[in-house]
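Welcome, and please have your viewer ready.

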Amino acid sequence: MLRLAVRAAASSRCQIINLFERKVTETVTKCFQPTIYQYHTITSVLPQQKYTNKLPLLQSSSSTSLLQNVAILQIAQNISRPVTKFSLQKGKRKSVKAVLKRFYRLDWGGWIRTKSGRNKKLWKKSESQKRRLREHVFVNGTQSWLLDKMVTKYWRKPKYYVDDPYEPYHQREEFYITRKKPL
């Protein structure tokens, strides 16, 4: 009698889990329904299903879970830093151009960037806010380490420019590791 009750409870629990997985898969299927403007995104991930309204890999089934779904795993694998470790021509590591455009490396290893939104909706910002937006800010240590890995050795070396506006910031004498002059 007790065994029958345990089996009934286990089977109902499995039915609840299967029902939950089916609902979650149906929700994901609804989220991935393509519109007219999303065909180029879906075809880049799944090129064989160019003009369908539903993606067959995202159909609901009670035996598969979301982590076993091939389409979701393909989308998750495409998220990465765009670092080229070995180029096709010479086999060398390449710098990420977006890092070189958005950030500037100081000689002591720090990276600076401009504040976001500095050119947006200036008509509604006060003068003090515009002045604060023109300032540059440092990135933290983790981001500096990541940015150093995303550029080549050439960009990590000190650069010397005529009338460099960042010249006073290239030395960091108050910190004992980056100090050049002795105490």
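Which residues make up the largest nonpolar core? Select Val-83, Val-96, Val-99, Trp-111, Val-139, Leu-147, Met-150 and Val-151, and you have its 8 residues on screen. A nonpolar core here is a set of buried Ala, Val, Leu, Ile, Met, Phe, Trp, Tyr and Cys residues joined through side-chain atoms within 4.5 Å. Buried means under 20% relative accessible area, exposed over 50%, and partly exposed in between, with a 1.4 Å probe and protein chains only.

Before going on, a note on what you are viewing: this is a predicted model, in which local features need pLDDT of at least 70 and side-chain atom pairs count only at pLDDT 80 or more, while totals for chains, interfaces and linings use all residues. Residues are numbered from 1 along each chain as its sequence is written, and side-chain values use heavy atoms, with hydrogens and water left out.

Now zoom out and colour by secondary structure. The protein chain has 7 helices and 3 strands, in the order α-α-α-α-β-β-α-β-α-α from the N terminus on. These are DSSP runs numbered from the N terminus (helices: H or I, at least four residues; strands: E, at least two). Of the 183 residues in the chain, 20% are buried.

Leaving aside neighbours within four places in sequence, Val-151 is in contact (heavy atoms within 4.5 Å) with Ser-95, Val-99, Leu-100, Trp-111 and Arg-156.

Next, show Lys-159 and Tyr-154. The charged end of Lys-159 sits over the Tyr-154 ring, 4.1 Å from its centre. For this, NZ of Lys or CZ of Arg must be within 6 Å of the ring centre and within 35 degrees of the ring normal.

Move on to Arg-172, whose charged end sits over the ring of Phe-175, 4.6 Å from its centre. Also select Thr-178, in the segment after α7 (153-156). A polar atom of the Thr-178 side chain lies 2.8 Å from the backbone oxygen of Arg-172. Is Thr-178 buried or exposed? Thr-178 counts as buried because its relative accessibility is 14%. Beyond neighbours within four places in sequence, Thr-178 is in contact with Trp-108 and Arg-172.

Last stop: the structure holds 4 aromatic pairs. Among them are Phe-175 and Tyr-176, whose ring centres are 5.3 Å apart with planes at 55°, so the pair is tilted. Rings of Phe, Tyr and Trp (its six-membered ring) pair if their centres lie within 6.5 Å; planes under 30 degrees apart count as stacked, over 60 as edge-to-face and the rest as tilted. Phe-175 counts as partly exposed at 30% relative accessibility, whereas Tyr-176, at 66%, counts as exposed.

Definitions and conventions:
A polar contact is a pair of N or O atoms within 3.5 Å; within protein, one must be able to donate a hydrogen and the other to accept it, and residues adjacent in sequence count only if both atoms are side-chain atoms.
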